[in-house]
Amino acid sequence: MSEWDATSVEGKDTILRVVREEAERFFALAEPEEAWEAPTACAGWHVRDVVAHLVDTTEGYFAAFDVARAGAQADDPYGLPAMGARVNEQAISFRNTTQKELLDRARTDFEKMQRILTDLSPEDWTGFLVVHPYMGPVPAYFYAAGQLMDFGVHSWDIREGTGRNHAMSGDAADLLVPFMLVLWQYTIKADADLTSFSVGLRIGGRNGGDFRVDIGPEGMAYAPGDVSDLPAVIEFDAASMVLTTFGRGNFGTIRGDLNLANRFLNLFFRI
């Protein structure tokens with residue numbers, strides 16, 4: 001099912017299609033006048049702040065690609081621990097911008113980013129490294145995943161703010177699962193106890209399966225494998241894993257040692 005693996009060029013058309021679908025849902029949620037200052041699942045943010053965050057993030061991607069294409073030296077990444085405070089500061093700086101102006105800018109930015117990603121050659125999709133403002137050098141395909149995280153998860157945030165029952169798109173969640181494992185590697189708390197232990201993950205969806213996860217002084221490593229001999233296994237459907245990784249809730253089912261599984265889940269800060 002390589003067309004669902006966005007880390008390969010075979011998955012390029014799939015993820016760009018799903019990003020567009022999620023973006024259109026996002027814009028439809030943000031366009032009503034009464035929605036602009038409505039609450040969201042992001043603490044302290046209205047819908048307008050989420051739109052502003054996407055503008056700030058996407059325009060940061062443009063700058064990152066420009067630097068990479070010029071072969072210039074990129075600034076040091078801020079690091080994910082600094083992300084929350086910085087993106088909040090950037091987002092609320094747009095609060096004097098009108099709804100129409102900011103949404104028009106967000107749509108223009110979205111189309112520009114889609115063109116950048118669409119025009120990547122097969123070699124560049126996996127081999128062209130671009131310094132992410134928070135994560136450092138990553139392959140170009142990661143920026144498609146970044147767009148999907150932004151539009152897919154933040155659409156969830158807006159819907160959550162309405163108080164209505166809802167759920168996340170399976171296509172978006174399936175595509176994001178592999179990137180959640182990477183995010184966990186990047187979001188281990190600085191003071192985490194990394195005394196060695198292992199747990200299993202059982203994840204649903206097209207990119208799911210069973211994964212053995214090893215925690216140790218060097219951080220987190222994972223690989224597909226048999227988890228039947230491990231003391232704890234955490235089961236997620238695809239969306240539950242995505243939303244857990246992003247701190248939108250505490251989801252999952254623990255089989256086995258509850259304390260060990262909870263120790264694993266508390267290793268990470270959430271973004």
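Student: Which residues of helix H3 are buried?

Tutor: Buried means under 20% relative accessible area and exposed over 50%, with partly exposed in between (1.4 Å probe, protein chains only). In this predicted model, local features need pLDDT of at least 70, side-chain atom pairs count only at pLDDT 80 or more, and totals for chains, interfaces and linings use all residues. Residues are numbered from 1 along each chain as its sequence is written, and side-chain values use heavy atoms, with hydrogens and water left out. Helices are DSSP runs (H or I, at least four residues), strands likewise (E, at least two), numbered from the N terminus. In H3, which spans residues 83-92, Met 83, Val 87 and Ala 91 are buried.

Student: Why do the buried residues of H3 line one face of the helix?

Tutor: The arc is that of the directions from the helix axis to the C-beta atoms. Viewed down the axis of H3, the buried residues fall within an arc of 50°, so they line one face. Ala 85 and Glu 89, on the other side of H3, are exposed.

Student: Against which helix do the buried residues of H3 pack?

Tutor: Contact means heavy atoms within 4.5 Å. The buried residues of H3 pack against helix H2 (47-70).

Student: How many helices and strands does the protein have, and what percentage of its residues count as buried?

Tutor: The protein has nine helices and seven strands. Of its 271 residues, 48% count as buried. Among contacts between residues at least 6 apart in sequence, 69% join residues at least 24 apart.
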